[in-house]
Amino acid sequence: MDRSPLARRALLATLVAILALLALLVPAGPAHAADDVCVPGPTTGCINGTIRTAAGDPAVGIALTATGPDGEHTVTTGPEGRWSITVTAAGDFSVLLDVATLPAGETLRDPSKNPRTVTIALGSSGASLFPLGAPAAGGTGPSPTGGSSAEPGADTSADAPAASGSGITAGRVAQQFTSGIVFGLLLALASVGLSLIYGTTGLSNFAHGEQVTLGGILAYVGCQVLGMPLLVSGILAVAIGAASGWFQDAFIWHKLRKRGLGTTQQMIVTIGFAMALQYTFQFFLGGSPLRIVTTNPRTFSFGDVIITQQSVISLVIAAIALGGTAYFLIATRTGRATRAVSDNPALAAASGISVENIVRIVWTLGAGLAALGGVLLGLYFNATAWNMGATILLLMFAAVTLGGLGTAFGALVGSIVIGLVSEMSSLVIPSDLRYGGALLILILVLLFRPQGILGRAERVG
Amino acid sequence: MDWTRILGQVAGEIVAPTTAAYALAAIGLNIHFGLTGLLNMGQAGFMLLGAYSFAIATIAGWPLWAAVLVAVASAVVFATILGIPTLKLRGDYLAIVTIAAAEIVRLIGRSTSMTRITGGNAGLAGEKYKYTFEELSPFPDGEFSLGPWQYSNNLSDSWWLRIVAWTVVGLACLLMWRLMNSPWGRVLKGVREDEDAVRSLGKNVFAYKMQSLVLGGVLGALAGILFVLPRAVQADSLGRPVTFYIWTILLLGGAAAVFGPVLGSILLWTVLMLIKTVMRDVIPTTVMRSEQIEMFGWVLVGIALMLLVIFRPQGILGDKKELAIRDH
């Protein structure tokens with residue numbers, strides 16, 4: 001396979017740019033675990049609480065600041081959504097939740113109760129609770145009974161008629177739109193490989209989500225277990241991810257194609273593979289969320305929109321990586337050969353393209369991009385986990401189907417649409433259903449335009 | 001190593017209602033896949049829907065027969081809605097849509113906004129909907145033991161449930177056997193082998209596929225009821241992994257074979273239990289914790305699925321000539 005010097009130079013430039021940006025992601029100062037449990041002693045007291053999302057899942061990585069007689073304490077919620085602060089003086093503490101660190105789509109149920117004041121005596125603990133969810137005031141229709149009543153301290157009767165927060169405001173629309181674009185671009189990183197692999201081999205790879213998880217988990221292992229800086233572990237994660245794609249094709253999928261195993265059979269093999277990988281991740285790292293970085297991201301605000309520094313840099317990295325991929329596909333010989341194989345493998349083979357080599361490149365590239373997506377999504381979600389990829393696998397399929405199965409640019413367009421839909425739908429439907437909206441789109445697309453936005457009708461049959 | 005205890009636990013898996021529920025769901029999938037060649041990747045969705053429908057109807061005060069009918073009806077509606085957009089498309093589209101639809105059912109079921117109806121993330125407790133089934137039992141209260149099997153007569157994980165569950169599985173096998181040898185079943189096999197040939201004979205392929213999807217889905221919904229009778233209805237316990245276990249069961253036992261799903265289900269759960277209990281005894285907890293052994297078991301299931309499809313796609317009882325996995 002000949003690669004033109006131009007292509008190599010472009011890839012190199014892309015790589016350098018990504019590295020430079022990853023460097024910016026590295027947080028200042030050492031990361032320290034936030035979830036060490038506080039035990040009140042004779043000279044200490046504790047403030048603690050658990051934060052759960054509106055859906056009842058632990059909210060990880062939310063920053064809280066307690067200010068009191070002995071100064072200021074900062075903490076973030078741990079894997080179970082728990083946080084605790086050790087204080088060394090008795091008195092009133094004002095606990096402020098940093099709203100910018102809430103997961104996308106989550107709001108405080110009662111914004112007027114932030115900051116809260118809690119009185120702490122030495123040798124004792126005090127709880128400070130911040131229930132998340134839609135504000136109860138001005139509710140439309142029958143409001144859910146669960147959630148609020150279960151939490152002590154969340155006295156719904158005292159809810160002030162908060163005017164803002166609920167309903168669709170321009171600010172919220174802009175905020176969700178921004179989140180949607182970020183999520184969509186990160187999703188695109190994960191989906192491009194899925195689409196290219198389908199295009200060149202006809203395989204719907206159900207184990208592609210695990211490539212995404214692999215990236216996130218490797219970054220976690222690099223940062224938290226081996227203590228490397230994020231930049232190094234991020235690069236290693238992408239490199240190992242790409243290598244895993246190469247090895248997978250060389251030792252599994254290439255062999256199966258040579259055996260003449262049909263694509264449907266191969267698809268079921270990928271399901272078994274996905275299962276084995278997921279439980280392997282869980283075997284080694286357990287079932288709880290894993291935070292890649294434990295420090296709190298800095299935030300910028302543009303008008304009503306609050307965005308973390310991480311998201312901005314992730315956005316740029318994703319854009320560069322996707323731009324590099326697009327350049328590779330359009331302007332290089334190998335890229336053109338890839339598109340040729342995607343169009344018609346037999347004809348491509350007849351015109352002297354080595355189809356198996358192209359497929360190997362596609363697997364390596366796709367897995368590398370998925371790993372990069374995994375690292376950035378792990379940062380975007382504030383934590384990665386053994387099932388992160390599996391959770392977004394169907395969104396990836398939805399994006400790829402929407403854009404047109406097998407087309408790389410379709411995957412990009414589809415991902416952005418799916419990202420926008422899943423983030424913006426939480427304006428009108430409960431946020432724990434937001435992925436459901438994206439999946440519904442998948443079904444509707446198949447009903448009305450099964451070839452997707454950029455696909456051609458003949459692909460379906 | 002305490003072999004009496006280990007073999008006792010393994011023997012428990014043979015008659016367990018959960019084994020029967022998986023076998024029944026796999027029989028439904030066999031109608032979809034083994035008979036018709038449909039790639040339904042959302043069988044767990046049918047089970048969850050059946051379980052919710054049954055439990056919610058019972059909680060609303062409906063008698064047992066009506067609650068079962070509600071479960072069947074909801075499976076029929078769900079299959080129809082799924083089938084209309086996808087049955088005209090290629091196989092892997094059906095796979096993606098069914099898996100997405102099952103996921104939508106699960107997301108809606110566990111959503112906080114549905115807590116009043118489905119119990120949200122916590123689900124519906126077993127005591128709320130088991131009583132109509134338990135009241136129907138002809139046995140006196142108490143316990144009964146037979147060899148390694150000792151269970152309550154009527155309550156929850158009971159003999160009564162075991163007898164009913166395996167009777168239903170037996171009836172489903174009978175139905176499957178009659179269907180496979182009926183003119184209707186022959187048309188389905190024709191659809192599996194060559195859609196266009198069947199179409200050229202004047203058969204409405206779409207209608208046949210739809211009937212197959214509905215029938216297999218109804219069996220899935222009934223399996224869902226059997227699955228939740230010894231436990232609670234909880235959306236996440238019937239998620240995507242369950243569908244994949246059902247596929248492993250079907251491919252292990254043999255697709256398009258009448259007793260394939262039953263053999264597959266019994267074999268999967270007994271072997272898994274044997275491996276896990278032996279490992280728990282042999283491996284010290286410092287090397288592998290109890291939950292890690294659980295994970296290890298599932299890794300083995302995943303690998304078993306891969307190896308089966310690659311090396312013996314017809315499974316144990318299946319016929320290679322009747323293999324439904326092929327590309328159209």
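A: In this predicted model, helix H3 (residues 43–59) of chain B and helix H5 (residues 91–110) of chain B form a left-handed crossing. Here helices (H or I, at least four residues) are DSSP runs numbered from the N terminus, and a crossing is left-handed if the near helix is turned anticlockwise from the far one by less than a right angle, right-handed if clockwise. The axes of H3(B) and H5(B) are 8 Å apart and meet at an angle of about 35 degrees; axes are lines fitted to C-alpha atoms over the stretch in contact, with angles from 0 to 180 degrees between N-to-C directions. From H3(B), B:Gly45, B:Leu48, B:Leu49 and B:Tyr52 take part, facing B:Ala102, B:Val105, B:Arg106, B:Gly109 and B:Arg110 of H5(B) (contact: heavy atoms within 4.5 Å). By class, these residues are 5 nonpolar, 2 polar and 2 charged, where Ala, Val, Leu, Ile, Met, Phe, Trp, Tyr, Cys and Pro count as nonpolar, Asp, Glu, Lys and Arg as charged, and the others, Gly among them, as polar.

H5(B) also packs against helix H4 (residues 64–86) of chain B, with axes that come within 10 Å and cross at roughly 145 degrees. This crossing is right-handed. On the H4(B) side the contact involves B:Phe78, B:Leu82 and B:Thr86, and on the H5(B) side B:Leu94, B:Val97, B:Thr98, B:Ala101, B:Ala102 and B:Val105. These residues comprise 7 nonpolar, 2 polar and no charged.

Elsewhere in chain B, B:Gly190 lies in helix H9 (residues 183–193). Beyond its neighbours within four places in sequence, B:Gly190 contacts B:Glu195 and B:Val198.

Turning to the contact between the chains, 51 residues of chain A meet 48 residues of chain B. About 4600 Å² is buried between them, 73% of it from carbon and sulfur atoms; buried area is the accessible area (1.4 Å probe) that two parts lose on being put together, summed over both. A:Met275, A:Tyr279 and A:Phe283 supply 15% of what chain A buries against chain B, more than any other three residues. Between the chains there are 0 salt bridges, a salt bridge being a side-chain nitrogen of Lys or Arg within 4 Å of a carboxyl oxygen of Asp or Glu.

Over all chains, the count comes to 17 salt bridges. One of them joins the side chains of A:Glu356 and A:Arg257 at 2.9 Å, N to O. The two residues lie 99 residues apart, A:Glu356 in helix H9 (residues 355–380) of chain A and A:Arg257 in helix H4 of chain A.

As to conventions, residues are numbered from 1 along each chain as its sequence is written, and chains are lettered from A and ligands numbered from 1 in the order in which they are written. Local features need pLDDT of at least 70, side-chain atom pairs count only at pLDDT 80 or more, and totals for chains, interfaces and linings use all residues, while side-chain values use heavy atoms, with hydrogens and water left out.
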